[in-house]
Amino acid sequence: MTLTAAPGARLAGRETSAWAFNGTCPGPTLRLRPGDLLRARLINHIDQPTNLHTHGLHVSPHGNGDNPFLTIEPGDSLDYAIAVPTDHPAGTFWYHPHHHGTVADQIFSGLAGALLVDGGPAPDLSVADDLVLLITDTTLDGAGRVAAPSRMSRMMGREGELVLVNGQHQPVITTAPGAVQRWRVINGCVSRVLALRLADHHVTQIALDGVFLPAPADRDEMVLAPGNRADLLVRSTRSGRYALVSEPYDRGSLGMMGGGPSAAGPVTLATLVASGAAEASAALPTRLPAPSTPPDNVSRRRQITLAAGMGGMGMGGTSFTIDGRTYDPERDDQTVALDTIEEWTVVNTSTMDHPFHLHAWPFHVLTGAPAAGVLQDVVLVPARGSVRLRIPFTDYPGRSVYHCHILDHEDLGMMATINVRP
Ligand code: C2O
Ligand code: CU
Ligand code: CU
């Protein structure tokens, strides 16, 4: 397939000069199966360098695979070949550009899409609808241009005035009373933590970050850091209109910068409208495919320290670092032996939360954040807190990155490299 990044997206019902993959925001939904080879030519028709990242896929970071070190200059193209292993989990992933320094700008401007892996072990779900809800945010001016962030909003992580679901502002989702829908919710926002609630409902979470949970879990509120995904089963028992909102979420603040939740009240994302003849209420599954348990033969422990705050010598006295350094693609920050299990303690010394993300090798959360009981790829590290992770480095030698998924922080240097060597 071909993915062309170019200006001219229709967003929130308006013609804009925002960027899009293949003319739409989000870009086309890619559907793969375990064992597939994704061949994608990425053509760059925007005025910045770009590249492609398949967020959450357990695939090789090498060569023309899921390689964040590649650069496609304006006017150039590159042919990707990404081999999905035959035992890859079936679930919800996404893709977005990953060229250091421009990641936040490019996603804020519309470059993102869903990537679904079908097949593989899956629970027996008889759902009436299987929907992707790719949530992004942006700010448009009167002329349909994407607003540039202020320096302060880059520091805190920019949040857009418009929160969009599949590029639409507050769309309506229709259903019939009793019918079960699967919602594959992707937090594609550059910086915004989503705290989702559906009025008068609880929802049933069946997967996190593309992997089925050990058992379905009822949720009144579903917190998703930037980059996280959740698969939810939604069933309305009565006709009505129900708002899907994101509640204000307090990420903390940096020094003198404005604290408290960024939004004063809940932000409406969409409305679920249940109407028409009731369907026989379908049963929700009680069992999901057998989860993987964290392997316990740990061969090495490391501490990774995320720091951000005033008092540094960086931009306006604020620096965003991992282990005291900003990103350098030439340096190997961690060297790991292939086929080993490691335990990483990720410490956050700053006064705001940072979502930690590792490419290519998903991890188990052991402590410091709610443990999903399955492999995941983004975890929110609380302000002045830490999380402990167990990471199987099985498969895929090669170099890649880990970073804060508040993508303004990543672009400001809160990213580091990992080299997994055979
Ligand atoms: Cu969602 Cu390094 O990426
Ligand atoms: Cu990623
Ligand atoms: Cu951060």
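Are histidine 53 and histidine 357 buried or exposed? Both of them are buried. Keep in mind as you look around that this is a predicted model.

## A copper ion held by two histidines

Let's start with the copper ion called ligand 2. Its protein donors are the NE2 atoms of His53 and His357, which lie 1.9 Å from the ion. Histidine 53 belongs to strand E7 (residues 53–55) and histidine 357 to strand E27 (residues 354–358), so the two together tie parts that are 304 residues apart in sequence.

## A copper ion with a cysteine

Now find the copper ion called ligand 3. Three residues coordinate this ion at 2.0 to 2.2 Å: His354 through ND1, Cys404 through SG and His409 through ND1. Along the chain, these donors follow the spacing H-x49-C-x4-H.

How accessible are two of these donors? Cysteine 404 counts as buried because its relative accessibility is 1%, under the 20% cut-off. Histidine 409 is buried too, with a relative accessible area of 0%.

## A sheet of four strands

Next, take a look at an open sheet. Its four strands come in the order E4-E1-E6-E8, with mixed pairing. Strand E4 (19–21) and strand E8 (77–83) are at the edges and have a single partner strand each, so one side of each has no neighbour in the sheet. From one strand to the next, the twist averages 20°.

Strand E6 (residues 37–44) and E8 run antiparallel and are joined by seven bridges. Within this pair, arginine 41 stands opposite aspartate 79 in E8. In general, strands of a sheet pair through backbone hydrogen bonds, in either a parallel or an antiparallel way.

Note on methods
Residues numbered from 1 in each chain as written. Chains lettered and ligands numbered in written order. Predicted model: local features only at pLDDT ≥ 70, side-chain atom pairs only at ≥ 80, totals over all residues. Heavy atoms only, no water. Donors = N, O, S within 2.8 Å, 3.2 Å for Na, K, Ca; no water. Buried < 20%, exposed > 50% of the residue type's maximum accessible area, 1.4 Å probe, protein only. Pairing = 2+ DSSP bridges. Axes fitted to C-alpha atoms, helices over the stretch in contact; angles between N-to-C directions.
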